[in-house]
Amino acid sequence: MITRDFQVYGNLALAAEPAYVESNPRFTVIEGRGARAERSAVSGRHVSRAAVAIAATVVALLFFAVALVGWSTYAGRAEAHADTLSHISFEEIRVQAGDSLWSLASQHPINDFTTQETADAIAEANELEGVVLQAGETILVPVSR
C-alpha cells in the first residue's frame, strides 16, 4: 500500500496527486473561503447555517427541559419537607456527653428525611448557630413515632 503525507498550509487543504486519488477523495481543495467554508473538507458534505442553527436550538431546548425537570423535582421535595415539618411534634431532651446533631438525628428520625435533613431540622428548631452541643443543655428533637 502506498501512503502519502498530506500537508496543510494556512487554510488551504491540498489534494493528493491524481495517481493517488480514489473515487471519493478524502481531501477537497477549498480556495478563498478559509475557515468560513460551508463545505466540509473531510466528508464533502454541505452544512448549512440553518442546520447549525436548528441543531443549536434543539440542544438549548433539551438543556432547559432538563433544568426545568430538575428544578421542579427539587421544589416539590422542598414543599413536601416543609409540609412534613409543619406536622412534626418536638420534645425537649437534655444533651448528654458525646451527643451531636447527627447522633440525635439518628436517634429521632423523621419519616422520609435523611439523617442530614433531620439534623438540619433540629438545628433550625433550636435556632442553633453552630453544630457544637454542650452537655446538660436542653434542646428540641422530633418525637419518634
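Select N126 and show its neighbours: N126 touches I139 and L140, leaving aside residues up to four places away in sequence. Contact here means heavy atoms within 4.5 Å. N126 sits in the loop between helix 3 (115–125) and strand 4 (138–142). Helices (H or I, at least four residues) and strands (E, at least two) are DSSP runs, numbered from the N terminus. N126 counts as buried, at 19% relative accessibility. Buried means under 20% relative accessible area, exposed over 50%, and partly exposed in between (1.4 Å probe, protein chains only).

A note on what you are viewing. This is a predicted model, where local features need pLDDT of at least 70 and side-chain atom pairs count only at pLDDT 80 or more, while totals for chains, interfaces and linings use all residues. Residues are numbered from 1 along each chain as its sequence is written, and side-chain values use heavy atoms, with hydrogens and water left out.

Now select E127. E127 also lies in the loop between helix 3 and strand 4. Is E127 buried or exposed? E127 counts as exposed, because its relative accessibility is 69%. Check its backbone too: phi of E127 is near 50°, a positive value in a residue other than glycine.

Next, the core. Select I93, V95, L101, L104, A105, A119, I122, A123, L133, I139 and V141; these 11 residues form the largest nonpolar core. A nonpolar core is a set of buried Ala, Val, Leu, Ile, Met, Phe, Trp, Tyr and Cys residues joined through side-chain atoms within 4.5 Å. Helix 2 (101–107), helix 3 and strand 4 are the elements that give two or more residues to this core. In soluble globular proteins, nonpolar side chains tend to be buried together.

Leaving aside residues up to four places away in sequence, L101 touches A119, I122, A123, L128, G130, V131 and L133.

Move to the rings. The count comes to one aromatic pair. The rings of F63 and F64 have centres 5.5 Å apart and planes at 70°, so the pair is edge-to-face. Rings of Phe, Tyr and Trp (its six-membered ring) pair if their centres lie within 6.5 Å; planes under 30 degrees apart count as stacked, over 60 as edge-to-face and the rest as tilted. F63 is exposed, with a relative accessible area of 56%. F64 counts as exposed at 55%.

Finally, zoom out. The protein has three helices and four strands, running β-β-α-β-α-α-β from the N terminus on. Buried residues make up 17% of its 145 residues.
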